[in-house]
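Here is a short note for a colleague who is opening this structure for the first time. Please keep the view beside you while reading the points below.

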Amino acid sequence: MHLQLRGHAPPSPTKSYALAPHALTKESGSHGTTVIKIGGSTLGEHDSTVQDLAALQRNGINPVVVHGGGGVISDWMTKQGVRPIFKDGLRVTDAEGLKIVVAVLAGLVNKELVVSLSAAGARAVGVSGADGGILKARIKNPDLGYVGAVTEVDPSPIRAILAEGCMPVVAPVAVGVSDEPDRPGFLLNINADTVAGEVARAMGAERLIILTDVEGILDGSRRLIPRLTQRQAVELKNSRVVAGGMIPKIEACLRALERGAISQIIDGRKAGALSESMNGKPIGTRIG
Ligand code: ADP
Ligand code: MG
């Protein structure tokens, strides 16, 4: 991905990773919505994600993109003297932290992605989950501060963007919902994996692909697990083998699976990984 959020050198000329001729297309009739989550940790300089996303759109498969921003948020928090804290893979967000999260996620990261996609020939529209009331959320765990648990998803603004032939790029921010009657509107941050899972479920997506910075789910001996049943995934999630940022990924896959999505966690650092997975190559970990 050619994002320069962390001061990388300008990108080298665009490499193209064309989809194989047998790639799924809208015309094949077998395609529904594809939700793709791109990880904060894969917003780097080596991967081909942006090119792959643009290639998908050229091939008539217009995915819904949900992005995180982990590393970039941490960098900006450090710059502002706010120390990032995580609890069970979820970021703890206080009122000041929330401002940085929203500015960085819905601003810088979202727009850098949109402009990178545009440079790769794609038409993308960046929105946050708060726009058009796509995502509503409540503070569920006060320990995590301004972090929301999704209560409602309205995918219609996403569908409107898709209907215009544009690629929706969603930042994981939601409209906060509270029981206090006169509380003014507020924003909540949501884990991007969670958003991807909820959006996939709400849209009845055919596929959910989560790109991350490991090969997939690794077992206790750090070997890749190619496939897990729903039940095995639940067991593994509750075991000590899975920790940190992998927990919400498994939860997201399980959520999307409730409506039958093909759910995969793949290595976003590998060139062409997204195209391979769209072409049905069994890479990473599939759940279900
Ligand atoms: P992202 O930005 O893609 O969300 P995260 O750091 O949040 O990345 O989540 C991916 C991380 O989850 C991996 O880099 C790894 O450190 C961690 N992890 C914890 N348990 C496992 C596991 N069993 N298999 C693979 N990764 C795991
Ligand atoms: Mg994460």
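1. Strands count as paired here if DSSP finds at least two bridges between them. β12 and β14 (residues 285-287) are paired in this way, in the parallel sense, over two bridges. R227 has R286 of β14 as its bridge partner. Bear in mind that the model is predicted.

2. That pair belongs to an open sheet of eight strands. Its order is β5-β8-β2-β1-β11-β13-β14-β12, and the pairing is mixed. β5 (124-128) and β12 (227-228) stand at the edges. Each has a single partner strand, so one side of each has no neighbour in the sheet.

3. Helix α4 (residues 156-163) packs on this sheet. The strands touched by α4 are β2 (64-67), β5 and β8 (167-171). The direction of α4 makes about 150° with that of β8.

4. There is also an open sheet of four strands, in the order β7-β6-β9-β10. Here too the pairing is mixed. Which strands stand at the edges? They are β7 (148-153) and β10 (187-189). Each has a single partner strand, so one side of each is left without a neighbour in the sheet. On average, neighbouring strands of this sheet are turned by 50° against each other, direction ignored.

5. Strand β6 (residues 135-139) runs antiparallel to β7, with five bridges. K136 stands opposite E152 in β7. β6 and β9 run parallel and are joined by two bridges. K136 has V175 as its bridge partner in β9. β9 and β10 run antiparallel, joined by three bridges. V173 has N189 as its bridge partner in β10.

6. Helix α3 (residues 95-119) lies across β9 (173-176) and β10, at about 80° to β10. α5 lies across β6 and β7, at about 15° to β7.

7. How do α4 and α5 pack? Their axes are 11 Å apart, at an angle of about 75°. That makes α4 roughly perpendicular to α5. From α4, the contact is made by I158, R159 and L162; from α5, by V199, A202 and M203. Five of these contact residues are nonpolar, none is polar and one is charged.

8. Helix α5 (residues 192-203) also meets helix α7 (residues 246-257). Their axes come within 8 Å and cross at roughly 5°. An angle under 35 degrees counts as roughly parallel, and α5 and α7 are therefore roughly parallel to each other. On the α5 side are D193, T194, G197, E198, A200 and R201. On the α7 side are P248, K249, A252, R255 and A256. The residues of this contact divide into four nonpolar, two polar and five charged.

9. What about the aromatic rings? The structure holds zero aromatic pairs. Charges do sit over rings, however, as with K79 and W76. The charged end of K79 is 4.0 Å from the centre of the W76 ring. R183 has its charged end over the ring of F186, 3.8 Å from the centre.

Key. Residues are numbered from 1 along each chain as its sequence is written. Chains are lettered from A and ligands numbered from 1 in the order in which they are written. This is a predicted model: local features need pLDDT of at least 70, side-chain atom pairs count only at pLDDT 80 or more; totals for chains, interfaces and linings use all residues. Side-chain values use heavy atoms; hydrogens and water are left out. Contact means heavy atoms within 4.5 Å. Axes are lines fitted to C-alpha atoms, for helices over the stretch in contact, and angles run from 0 to 180 degrees between N-to-C directions. Angles under 35 degrees count as roughly parallel, over 145 as roughly antiparallel, 65 to 115 as roughly perpendicular and the rest as oblique. Ala, Val, Leu, Ile, Met, Phe, Trp, Tyr, Cys and Pro count as nonpolar, Asp, Glu, Lys and Arg as charged, and the others, Gly among them, as polar. Rings of Phe, Tyr and Trp (its six-membered ring) pair if their centres lie within 6.5 Å; planes under 30 degrees apart count as stacked, over 60 as edge-to-face and the rest as tilted. A charge sits over a ring if NZ of Lys or CZ of Arg is within 6 Å of the ring centre and within 35 degrees of the ring normal.
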